[in-house]
Amino acid sequence: MTSCSTLRRIVSGLMLAAAPIIAQPAAAQFFWSPPDFSTPPLTDAEAATALGLPGATAEEIRAGLVWNLRAALNVAALQCQFEPTLLSISNYNAMIAHHDAELDAAQAALLGYFQRTVGKGKPGQAAADQYGTRIYSGYSTVQAQRGFCQAAALVGRQAIFANRGSLHDVARTGLGSIKKSLVLAGEQFYGDPGRSYSLVLPSFDKKCWKKDKLRPECQVAYNQQVGAQ
């Protein structure tokens, strides 16, 4: 009887100890303690500057927000396939299907902006095409890819569950975090040891080598570099 009681206490204790672990989902695919990519929602003035749309109307700013979000998630679908659990491709395709009407309206409004500010006809169309190319390249990253893919996946998930016609709200609240993630950031707790590591090699000067063996004086210098005694 006593042993059973003791066993119940042990099991209960283990369950209590494990509860906080079970209740907390994994914070991220790449980080134990993810970088803080949170930003406040963009105001119209901030959006006009961040999106490169000076003098845009409120409608044109909403269009710019939507089109930039589309560009960011499209780049993520192309660049983030190395981590399938982010669902970057399926999230992008679902966003396109779910918000097709708002995306079409955004494209038309942006063309109208450039027709108004650059010139009607070919000048405005060329400026709109150049703008599309520029924003796509602006979301492409190499060193900060892990953070970008993580932030884009989160916003992409918000986009596919947003009501039709409200994609601009998702973009207003989420684009700031995606742009912030384009700057390389590591663990909040551990830093970024893998990325900051640099390999120290011995000198390859001919005077340091004899018959493919490092000369003693160069070996001493190399040992000092790597902190060896």
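Author: **Aromatic rings and their surroundings**

Along the sequence, the chain runs in the pattern α-α-α-α-α-α-α-α-α-β-β-α. That makes ten helices and two strands; helices (H or I, at least four residues) and strands (E, at least two) are DSSP runs, numbered from the N terminus. Please keep in mind that this is a predicted model, in which local features need pLDDT of at least 70 and side-chain atom pairs count only at pLDDT 80 or more, while totals for chains, interfaces and linings use all residues. Residues are numbered from 1 along each chain as its sequence is written, and side-chain values use heavy atoms, leaving out hydrogens and water.

Now to the rings. A pair of aromatic rings is described by the distance of the centres and the angle of the planes. Rings of Phe, Tyr and Trp (its six-membered ring) pair if their centres lie within 6.5 Å; planes under 30 degrees apart count as stacked, over 60 as edge-to-face and the rest as tilted. By this rule there are three aromatic pairs. In one of them, the ring centres of Phe114 and Tyr131 are 5.3 Å apart with planes at 50°, so this pair is tilted. Phe114 belongs to helix H5 (residues 100-117) and Tyr131 to helix H6 (residues 122-138), so the pair ties together parts that are 17 residues apart in sequence. Both Phe114 and Tyr131 are buried (under 20% relative accessible area, with exposed over 50% and partly exposed in between; 1.4 Å probe, protein chains only).

Another pair is Phe204 with Trp209: the centres are 6.3 Å apart and the planes at 10°, so these rings are stacked. Phe204 counts as exposed because its relative accessibility is 62%, and Trp209, at 28%, counts as partly exposed.

Ring pairs also link Tyr113, Phe114 and Tyr131 into a cluster.
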